[in-house]
Amino acid sequence: MSTLPSTMLAFSMKRQAMAEEIKEPWLNKMALATVILAVCATLSTFKGGGYSTQSVISQALASDQWSFYQAKSTKQHLYELQAEQLKLQAMALSKGNPASAAYAEKEQEYRAAIGRYASEKQGIQTRAHELEQQRDAAKQHGKPFGIAVIFLQVSILLNSISGLMKARRIWWASIPIGIAGVACFADGFLMFV
């Protein structure tokens, strides 16, 4: 029975010694830095993924607009060919032929369609360029977030190693890497570069 209290006393002393070891001030700062870096890494991953998705969607929509533009160009070209063919056929008719008026009227209809397609193409082209600008802006914003995740994860890894090994030098080495990661994270929002 006397061994039980001495075992409990030894356990209590070990626990107290471990608690005192953990209370080193730099370890608390390292733990706090790790939490901050982890939050920044999570947000960077989230924001970078969002911008990546936006880039892909904008590219797909721009491609759709260019396909629509191409379809309008093809229709416009067909009307141009038809209008030219009608003009040539009308020129082959004799003067005063009653069909001349019908040819001229149909040619005017085709010319109006050509003008309509040209106007529609202009709007489609403008929309496609807007979508390409959105795609480019999303890529520009997403890139710093991707770089930030790399730096932040490396810094978190070094922080973890320094905490496990209780090696302050490793923690000091992780600080500039973490700062670079936070700077890239901020750059994703503010676009410094």
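This is a predicted model: local features need pLDDT of at least 70, side-chain atom pairs count only at pLDDT 80 or more; totals for chains, interfaces and linings use all residues.

Residues are numbered from 1 along each chain as its sequence is written, and side-chain values use heavy atoms, with hydrogens and water left out.

**Entry 1, the pair.** I looked up α2 (residues 25-92) against α4 (residues 168-190): the angle is about 30 degrees and the axes are 10 Å apart. Helices here are DSSP runs of H or I, at least four residues, numbered from the N terminus. The axes are lines fitted to C-alpha atoms over the stretch in contact, with angles from 0 to 180 degrees between N-to-C directions. The two helices are therefore roughly parallel (angles under 35 degrees).

**Entry 2, the contact.** On the α2 side I listed W26, M30, L37 and S44 among others, and on the α4 side residues including W171, V182 and F185. Contact means heavy atoms within 4.5 Å. The residues of this contact split into ten nonpolar, two polar and three charged; Ala, Val, Leu, Ile, Met, Phe, Trp, Tyr, Cys and Pro count as nonpolar, Asp, Glu, Lys and Arg as charged, and the others, Gly among them, as polar.

Is S44 buried or exposed? S44 is buried, at 1% relative accessible area (buried is under 20%, exposed over 50%, partly exposed in between, with a 1.4 Å probe and protein chains only). Beyond four places in sequence, S44 touches F145, A148, V149, L152 and F185.

How values were computed
Angles under 35 degrees count as roughly parallel, over 145 as roughly antiparallel, 65 to 115 as roughly perpendicular and the rest as oblique.
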